[in-house]
Amino acid sequence: MKVMSARLMSSLVRVPAGALIIAMQGLAGALISTMQGLAGETVRERRRERRKLYELKLAEWSARLQLTDDLIGDLSSSGRIQDVDKDIQKIQELLSLPWNESVAQD
């Protein structure tokens, strides 16, 4: 019975201590909010600034992705394929030419 009452007493002491800690944290948060308000900065303004920054970064990222897509499109266009076909044709023509006898003997 004494062990049980010691545990109960321990628990009863911890409850008000926990409530006191939570109350102090609440007061600290209220103090910080008040100081920010006095300094001219509010939570809404910070959120608004973060949102603007996010939108700017998103627009920049979208522009970069669009540029990448455009470059890929340019590389894979039919003009590039025609260049490769022309290069293959030139190589085949060079390979079909007769050998230069003076170079072959060296």
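A salt bridge is counted where a side-chain nitrogen of Lys or Arg lies within 4 Å of a carboxyl oxygen of Asp or Glu. The model to which this criterion is applied here is a predicted one. With that cut-off, the side chains of Glu 60 and Arg 64 qualify as a salt bridge because their N-to-O distance is 2.9 Å, and the limit is within 4 Å.

The protein chain contains 4 helices and 0 strands, and from the N terminus on its elements follow the order α-α-α-α. Of its 106 residues, buried ones make up 1%, while the accessible surface of the chain amounts to about 10,300 Å², with 63% of that area belonging to carbon and sulfur atoms.

Confidence should be kept in mind when reading any local detail. The mean pLDDT of the protein chain is 79, and 76% of its residues reach 70 or more. Among the elements, confidence is highest in α2, with a mean of 87, and lowest in helix α4, which covers residues 101-105 and has a mean of 61.

How many salt bridges does a search of the whole structure find? The search returns 2. One of them is the contact between Glu 60 and Arg 64 already described, and these two residues, being 4 residues apart in helix α2, are separated by about one helical turn. Glu 60 counts as partly exposed because its relative accessibility is 42%, whereas Arg 64, at 52%, counts as exposed, since the boundary for that class is over 50%.

Arg 51 and Glu 55 form a salt bridge as well, their closest N and O atoms being 3.3 Å apart. Both residues lie in helix α2, which spans residues 43-75, and they too are 4 residues apart, about one turn of the helix. Arg 51 is partly exposed, with a relative accessible area of 49%, and Glu 55 is likewise partly exposed, at 42%.

Other charged side chains take part in a surface feature of another kind. Arg 44, Arg 47, Arg 48, Arg 50 and Lys 52 gather in a patch of positive charge on the surface. One of these residues, Arg 47, lies in helix α2 and is exposed, with a relative accessible area of 58%.

Ser 33 lies in helix α1, which runs over residues 2-39, and with a relative accessible area of 44% Ser 33 is partly exposed. How far apart are the C-alpha atoms of Ser 33 and Val 43? They are separated by 8.1 Å, although the two residues stand 10 residues apart along the chain.

Notes
Residues numbered from 1 in each chain as written. Predicted model: local features only at pLDDT ≥ 70, side-chain atom pairs only at ≥ 80, totals over all residues. Heavy atoms only, no water. Buried < 20%, exposed > 50% of the residue type's maximum accessible area, 1.4 Å probe, protein only. Patch = residues over 30% accessible without salt bridge, like charges linked within 9 Å, V, L, I, M, F, W, Y side chains within 5 Å. Areas by Shrake-Rupley, 256 points an atom, 1.4 Å probe, with all protein chains shown as cover. Lys, Arg positive; Asp, Glu negative; His and termini not counted. Charge placed at Lys NZ, Arg CZ, Asp CG, Glu CD. pLDDT = per-residue confidence, 0-100.
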